[in-house]
Amino acid sequence: MDTLRDKTAVITGAGSGIGRAIACTLAARGAHIVAVDIDGDRLRTLADELSQANILPQRADVSDPQAFEGIRDSALQRFGRIDIVVNNVGVLTNGLPQDIPVAEWQRILDINLMSLVRSNAAFLPLLLGQGSGHLVNTASFAGLFTYSYDRLPYAATKAAIVQISEGLAIYLRPKNIGVTLLCPGPVLTNIAAAVPTFGEGAPLRIPGEQFELLDPAQVGELVAEAILRNRFFVPTHVGVVEELRRRVEDWDGYIDYQIAREPGRAHR
């Protein structure tokens with residue numbers, strides 16, 4: 001994709017954090033924005049901020065099996081086409097592995113993972129039919145390597161998104177459809193603001209002190225450049241590559257290293 005001007009981007013979780021930053025960045029580069037969020041107030045605030053841009057707010061629950069068909073149809077009615085789909089929505093939970101109930105696992109899977117599956121069902125035929133487009137899937141450092149046991153449902157969904165995204169890239173790149181896997185490390189978002197806790201909770205651990213806390217706006221710029229350059233792997237901190245290398249070279253030793261680490265603050 002050589003320009004974002006007049007492209008239509010559907011962005012889930014667009015009301016805050018990374019999703020909001022992506023919406024603002026793409027809008028600043030001339031894209032039409034279909035902003036999806038469950039929080040109507042956040043959407044109204046975003047629409048006010050982007051008043052000079054073409055924005056279509058869509059209040060929707062991405063765990064609703066019919067949500068994406070409605071989003072797709074509204075976007076096509078307003079803008080005539082869809083070029084970019086950003087599957088960004090994600091929620092956390094906290095607890096020791098034995099304390100998180102099956103129902104909470106199901107909730108996290110339904111929002112974080114199945115929303116991407118439903119998005120693909122709604123948008124992939126459209127992108128394939130027009131022979132162009134770009135997908136952006138937000139995973140996490142938690143999906144790349146394990147540094148904690150306090151959010152296993154979240155980490156499991158993010159690891160699944162890594163695998164799905166790589167498979168999609170192998171399938172779609174030859175068909176002129178790009179795929180970007182966004183893997184945020186510590187980013188200043190509100191994802192941990194209302195995290196359900198089960199049992200007595202578990203220490204919230206971070207991926208490592210070497211990864212500084214970023215502003216979401218920096219991530220929005222990374223995503224815009226990745227779409228334009230058709231880049232697949234986009235970590236927010238390039239140092240994660242060394243972390244992954246260290247893990248794969250001695251996985252048992254890496255587990256011992258993580259056991260020995262002190263819990264820290266929670267970030268994405």
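The legends below describe close-up views of a predicted model.

**View 1. Confidence across the predicted model.** The protein has a mean pLDDT of 94, and 96% of its residues reach 70 or more. Over residues 264–268, by contrast, the pLDDT is below 50, although this stretch has 25 contacts in the model beyond near neighbours in sequence. Where pLDDT is low, the predicted coordinates should not be read in detail.

**View 2. The largest nonpolar core.** This core comprises 43 residues, and V34, I71, F123, L135, F141 and F145 have the most contacts inside it. Two or more residues each come from β2 (32–37), α3 (67–79), α4 (102–130), α5 (152–172) and β7 (177–183). A second, separate core of 30 residues includes I11, A14, A27 and I33.

**View 3. The surroundings of I71.** Neighbours within four places in sequence are left aside here. The residues in contact with I71 are then V10, V34, V36, Q58, A60 and F123.

View 4. The side chains of E104 and R107 form a salt bridge (2.9 Å, N to O). These two residues are 3 apart in helix α4, separated by about one helical turn. E104 is buried, at 7% relative accessible area, whereas R107 is partly exposed, at 31%. D110 and R118 also meet in a salt bridge (2.8 Å, N to O), and both of these residues are buried.

View 5. R245 and E242 are joined by a salt bridge (2.4 Å, N to O). Both lie in helix α7 (residues 240–249), 3 residues apart, and R245 is partly exposed, with a relative accessible area of 38%. Elsewhere, salt bridges link R29, E221, E225 and R229 in a network. The whole structure contains 12 salt bridges.

Terms used: Residues are numbered from 1 along each chain as its sequence is written. This is a predicted model: local features need pLDDT of at least 70, side-chain atom pairs count only at pLDDT 80 or more; totals for chains, interfaces and linings use all residues. Side-chain values use heavy atoms; hydrogens and water are left out. A nonpolar core is a set of buried Ala, Val, Leu, Ile, Met, Phe, Trp, Tyr and Cys residues joined through side-chain atoms within 4.5 Å. Buried means under 20% relative accessible area, exposed over 50%, partly exposed in between (1.4 Å probe, protein chains only). Helices (H or I, at least four residues) and strands (E, at least two) are DSSP runs, numbered from the N terminus. Contact means heavy atoms within 4.5 Å. pLDDT is the predictor's confidence in each residue, from 0 to 100. A salt bridge is a side-chain nitrogen of Lys or Arg within 4 Å of a carboxyl oxygen of Asp or Glu.
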